[in-house]
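Have a look at the model first, then follow along.

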Amino acid sequence: MNPHILATLLFGLGLGTTITFASSHWLLAWMGLEINTLAILPLMAQHHHPRAVEATTKYFLTQATAAATILFASTTNAWLTGQWDILQMSHPLPTTMVLLALALKIGLAPMHSWLPEVLQGLDLTTGLILSTWQKLAPFALLLQMQPNNTTMMVILGLTSTLIGGWGGLNQTQLRKILAYSSIAHLGWMVLILQFTPALTLLTLLTYIIMTSSLFLVFKLNKATNINTLATSWTKAPTLTSITPLLLLSLGGLPPLTGFMPKWLILQELTKQNLPLTATLAALTALLSLYFYLRLSYAMTLTLSPNNPTGITPWRLPSAQLTMPVTISTTLTIMLLPLTPAMIALLTP
């Protein structure tokens with residue numbers, strides 16, 4: 001892709017997200033979401049592969065549906081209450097509609113079925129943008145709204161953690177596994193959103209760091225399915241030995257970074273007299289942990305059957321930047337000691 005076009009599209013992505021961040025009016029927020037969607041579509045379709053075009057079409061249709069629902073709900077809210085302010089969503093009908101539309105935008109279960117299919121059709125760089133940057137604007141709206149529909153939020157959160165864990169069990173494609181991992185993590189964020197919005201923000205930040213490191217590792221290894229992970233030893237042995245720690249961090253095991261948000265969320269749910277919800281969320285996390293362990297096993301304890309034994313295959317040195325993967329990997333593994341500082345920041 002022409003660098004000028006690429007710069008324009010990335011600028012459009014940043015502009016759309018910034019407009020949504022800065023807006024308190026529903027029409028302006030909707031416009032930011034639309035700019036965001038239109039900027040990423042050429043990036044998704046740039047390879048002109050049938051799978052990429054199919055993924056782009058599916059993404060466009062789901063995002064257009066969600067955006068139209070948001071516009072309809074905000075107009076209904078203005079008709080019922082006489083104002084367009086995001087912070088003043090008081091009527092239950094438009095609030096529920098906007099909540100479901102934003103759930104469709106970010107891929108929460110049961111509106112999740114587009115996300116694995118779309119992510120599977122993209123290259124790893126565009127998939128990284130879709131899994132991280134594209135979640136920011138809808139979450140900014142959710143944090144501004146702060147919906148107080150406890151039952152619906154808990155149902156959406158638990159369903160997402162369950163389907164995110166269950167759906168990834170039988171997958172062999174890494175991008176689909178990462179999509180189901182995204183659904184499960186989004187469920188954790190939504191579960192705690194109404195009680196401690198700052199904790200949702202912390203969970204989103206740690207999720208972005210952990211997912212970025214994993215996408216960058218797979219990109220460095222040019223891996224798209226579980227079988228190709230077995231050749232990682234010959235390409236980047238040091239990185240291969242660290243990657244299980246990244247996967248276990250995503251699963252939420254101590255003493256890694258991913259344990260921090262899950263620990264704080266379970267603690268907060270217990271404080272809110274929701275011990276059953278906390279127990280179910282913790283049990284659904286075990287499903288996700290299983291397929292993270294499966295990836296770890298495939299990457300570190302198996303050898304590819306295609307290589308002659310004892311001979312390292314000839315390869316060219318990688319020209320990819322290693323600084324981003326170094327920074328994100330370090331953050332993914334070593335942020336847990338900052339938990340007391342995070343708790344101090346979250347406490348009003």
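1. Let's begin with a proline. Pro 255 sits in the loop between helix H13 (237-251) and helix H14 (259-271). Helices here are DSSP runs of H or I with at least four residues, numbered from the N terminus. A cis peptide bond, with omega about 5°, links Pro 254 to Pro 255.

2. A quick word on the source. This is a predicted model, where local features need pLDDT of at least 70, side-chain atom pairs count only at pLDDT 80 or more, and totals for chains, interfaces and linings use all residues. Residues are numbered from 1 along each chain as its sequence is written, and side-chain values use heavy atoms, with hydrogens and water left out.

3. The bond that joins Ala 109 and Pro 110 is cis, and its omega is about 5°.

4. You'll find His 48 in the loop between helix H2 (26-44) and helix H3 (50-81). His 48 is exposed, at 68% relative accessible area (exposed means over 50%, with a 1.4 Å probe and protein chains only).

5. Last one: Asn 273, in the loop between H14 and helix H15 (275-300). Asn 273 isn't a glycine either, and its phi is positive at about 60°. Buried or exposed? Asn 273 is exposed, with a relative accessible area of 66%.

Definitions and conventions. Helix = DSSP H or I, 4+ residues; strand = E, 2+ residues; numbered from the N terminus. Buried < 20%, exposed > 50% of the residue type's maximum accessible area, 1.4 Å probe, protein only.
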